[in-house]
Amino acid sequence: MTAVDHHASLLSKLNSRQARAGVVGLGYVGLPLAVAIVRAGFSVTGFDVDPEKVTELSSGRSYISTIPSEGVAEAMATGRFQPTDDFAKLGDCDVIVICVPTPLTKYREPDLRFVEETGRTIARTLRPGQLVALESTTYPGTTDEVLKPLLEATGLKSGVEFFLGFSPEREDPGNAHFETVTIPKVIAGDGPKALELMSAFYGAVVKQVVPVSTNATAEAAKITENIFRAVNIALVNELKVVFDAMGVDIWEVVDAAKTKPFGYMPFYPGPGLGGHCIPIDPFYLTWKSREYDLPTRFIELAGEINTAMPRYVVERLAEALDRRLGIALSRSKVLVIGLAYKKNVSDVRESPSFKLIELIEERGGRVEFHDPHVPTVPSTREHAKLSGRASTPLTAASLESFDAVLISTDHDAVDYGLIAEHAKVVVDTRNAMARRDLRSEKVVRA
């Protein structure tokens, strides 16, 4: 076959929905994408290293709270969705989408081992006529400088025998206003043929694609989106500390400022950053920028401010216990409300609640947590000592047994009226009490 034949053949398969897609990594990004691809009319093989996930999906059940089991069951019922942990089946796929984690090392440097391992795995069965798309958030250059050489080590050439592209994920778990198919999809390819294939594939799945000139541009766009949020959250967190010292309510300030119909966008303070994107992704660019001897002072300062927030909250907690109850944090019993990193989801990745619990316990306090979406603490590499702890029921009696309640995540399913009535001290990092008109002298904002 000629290079034109490979491109034309795959393009024809995509346009007729005869192509089989493979999604590697069935987590918060990969699973909703796989379901969306099935709904678009393609056959999909979902790959994951965890056989328990494969079993759950094969039974029509979802293990992610924001993805209904009905959607998984519907995908399975079509006969076009096949979850598996057998990566030899990658060779059967015409399109392979990589949705694996891109964490940081303990030194805040990019940890690309999951991308690299996936690239090597794909290379074992790579064949002419396949499109490989990376969705994992990373620094500009990763697709072309890291993934492409791993695939071309097979002897096949990108843009000739196989095709390579990047399309950053834009999932927002728990956001009822947007889903995979309604979020505009930035796409890029290694050459015009790859871009055309990326457009044909993703254009069949989502409502709008946004082509850009290079894979590095698409990678930079995603990094920019997350840096924008990280920097603005850091700004409002710093303002929170300053305004608190002045006796000014930061939440009232933001609510007033956002009435301006131009030139302002509201961001809100919190106990620290959570989730996979904002606490991690900006540091991918700061690392890459060192290659060009260019400092990223603004980004790094934002990281310092956001990272310092859990300690600020714990200091406010200690101060509230001392002033309101006359007891030290070291002798206190604290209930943390919310283990998830954001409201109304079960996702605990990079949650500041973990850091809050550890800081309180380092100072001698006893801590329990309540989260209607997280019944037990899952196993994590960074917080292994907390694994297996169970959520404490929220009752009048349990609340009265704690010296303080620390609201870290403002889930809607929490009974804040019960907290207002029975808690001795409430340290509120999300303005959850005031938003429900539960104002009281026992509530301390942090």
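Buried here means under 20% relative accessible area, exposed over 50%, and partly exposed in between, with a 1.4 Å probe and protein chains only. The model is predicted: local features need pLDDT of at least 70, side-chain atom pairs count only at pLDDT 80 or more, and totals for chains, interfaces and linings use all residues. Residues are numbered from 1 along each chain as its sequence is written, and side-chain values use heavy atoms, with hydrogens and water left out.

Rings of Phe, Tyr and Trp (its six-membered ring) pair if their centres lie within 6.5 Å; planes under 30 degrees apart count as stacked, over 60 as edge-to-face and the rest as tilted. The structure contains 6 aromatic pairs. In one of them, the ring centres of Tyr139 and Trp287 are 5.1 Å apart and the planes stand at 45 degrees, so this pair is tilted. Tyr139 is buried, at 5% relative accessibility, whereas Trp287 is partly exposed at 28%.

Phe228 and Phe267 form an edge-to-face pair, because their planes meet at 70 degrees, with ring centres 5.6 Å apart. Phe228 is partly exposed, with a relative accessible area of 43%, while Phe267 is buried at 13%. Elsewhere, ring pairs join Phe42, Phe201 and Tyr202 into a cluster.

A charge sits over a ring if NZ of Lys or CZ of Arg is within 6 Å of the ring centre and within 35 degrees of the ring normal. Arg108 lies over the face of Phe283, 4.5 Å from the ring centre. The charged end of Lys333 is placed over the ring of Phe402, at 4.7 Å from its centre.
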